[in-house]
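Trainee: Could you take me through this structure step by step, and show me how its features are read?

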Amino acid sequence: MRRKKRTLFIILGAIFGILCIFIFFTVVRKIYQRESIHRQSRQHNLSDNMKTRSGRDSVRDLEFSPDGTVLAVATSDGILLYDTSTYETIKLLTADNYGISSISFSPDGKTIAGGGADKIVYLWDFHTGKRKQSFIGHRGNIINVVFSHDGKALASASIHDTNLWDINAGIHKKNYNGYTRMRSTLWLNNDEMIHASAEGTMTLLSDLMTRKQKMGLGGHKKSVKSISFSPDGKTMASGSWDNTIRLWDLPEGRYNKTLKGHKKSINSMMFSADGKLLASASRDNTARVWDVTTGKRMRTFKGHVADVSYIALSPDGKKLASWGLDQILVIWDVETGKINKSITVNITPIG
């Protein structure tokens, strides 16, 4: 009798378990269908040139020229240059192999630098589009390039090393070996080169000229995902998976304030030319512009239907460019928050 009861309990338990699994997958399927319908509905309400395109995120960096007349877009094909009065393509600057992952304009706007997966740093004449120089020496994919304030030097970082180049002489000046995390950035002054990299919830700052670590800045509850320096190097922003941005006063490394509002992690950030504004891009499909002094959100930009990956502020702070995983480049009016232009970037498919 006991054996029969035990067998009956086992059978009933198995049936109950199967029912639970069936109910679980039914609920999950309904949720997925509802989200899918919601996404399709959102896309249906967008204009044709704002609809999601399939494919990988093929834009890697954005930057306005110092005079604001051109928007440079680093892609898997090279650097696309757009006239900011019409947003028509002016020209395409190409590398020898692969594409460009990071770009930087010289302070006088005459030269544009770029680097990518072929481990070469390229310099182009901005006005003619002709290549001026190529710097070879990196041991890994280049993830960051930046000009010095006087335009005489260029720093470039790969995942394995950082190099300093003399622009006028066209020669290599210094090399700093060591693994560089993808979540890192550089700030270069005439006699100072600061490297900031994410290390868990910390941001580590190192002076590459002296080859010494300066400090570690913590406070985030989750890992740091993006870092940005103000142009004068007096402020640093760290964006985290905890959905917040922390502002730091440099060179002391003193905590200033926390910017809250994004609903998901911070993909990238950029200060305005005068350092008074900070733009942020998030996985919550929005971009935001903040007042650095007060820490208040000035504007939220909604329109992308996927993560916003990269952003750029025009030198006068009046335009914001954003690129999302929906494969659309959007130009926003910072004051009104309205879309000035949405662009489908023509890029050769990858993979």
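Mentor: Let us begin with a term that we shall need: two strands are said to pair if DSSP finds at least two bridges between them. Please keep in mind that this is a predicted model.

Trainee: How many bridges join strand 15 to strand 16?

Mentor: In general, the strands of a sheet pair through backbone hydrogen bonds, either parallel or antiparallel. Here strand 15 (residues 202-207) and strand 16 (residues 212-217) run antiparallel and are joined by five bridges, and T203 stands opposite L217 in strand 16. The two strands form a hairpin with four residues between them, and in the turn R211 has a positive phi of about 60°.

Trainee: What is the order of the strands in the open sheet of four strands?

Mentor: The order is 25-26-27-28, with antiparallel pairing. Strand 25 (308-313) and strand 28 (339-343) are the edge strands, since each of them pairs on one side only. On average, neighbouring strands of this sheet are turned by 20° against each other, with direction ignored.

Trainee: How many salt bridges does a search of the whole structure find?

Mentor: The search finds three salt bridges. In one of them R131 meets D96, with the closest N and O atoms 3.0 Å apart. R131 lies in strand 8 (residues 131-136) and D96 in the loop between strand 4 (89-93) and strand 5 (102-105), so this pair ties together parts that are 35 residues apart in sequence. R131 is partly exposed at 34% relative accessibility, and D96 is partly exposed at 48%.

Another salt bridge joins the side chains of D307 and R283, at 3.6 Å from N to O. D307 lies in the loop between strand 24 (297-302) and strand 25, while R283 lies in the loop between strand 22 and strand 23 (286-291), so the pair ties together parts 24 residues apart in sequence.

Trainee: Is S282 buried or exposed?

Mentor: S282, which has its place in strand 22 (residues 277-282), counts as buried, because its relative accessibility is 0% and buried means under 20%. Leaving aside neighbours within four places in sequence, the residues in contact with S282 include H262, N267, D307 and V308.

Trainee: How far apart are the ring centres of W248 and Y255?

Mentor: Their centres are 5.8 Å apart and their planes stand at 70°, so the pair is edge-to-face. W248 is buried, with a relative accessible area of 4%, whereas Y255 is partly exposed at 37%. A ring can also have a charge over it, as with W241, where the charged end of K225 sits 4.1 Å from the ring centre.

Note on methods: Residues are numbered from 1 along each chain as its sequence is written. This is a predicted model: local features need pLDDT of at least 70, side-chain atom pairs count only at pLDDT 80 or more; totals for chains, interfaces and linings use all residues. Side-chain values use heavy atoms; hydrogens and water are left out. Axes are lines fitted to C-alpha atoms, for helices over the stretch in contact, and angles run from 0 to 180 degrees between N-to-C directions. Rings of Phe, Tyr and Trp (its six-membered ring) pair if their centres lie within 6.5 Å; planes under 30 degrees apart count as stacked, over 60 as edge-to-face and the rest as tilted. Buried means under 20% relative accessible area, exposed over 50%, partly exposed in between (1.4 Å probe, protein chains only). A charge sits over a ring if NZ of Lys or CZ of Arg is within 6 Å of the ring centre and within 35 degrees of the ring normal. Contact means heavy atoms within 4.5 Å. A salt bridge is a side-chain nitrogen of Lys or Arg within 4 Å of a carboxyl oxygen of Asp or Glu.
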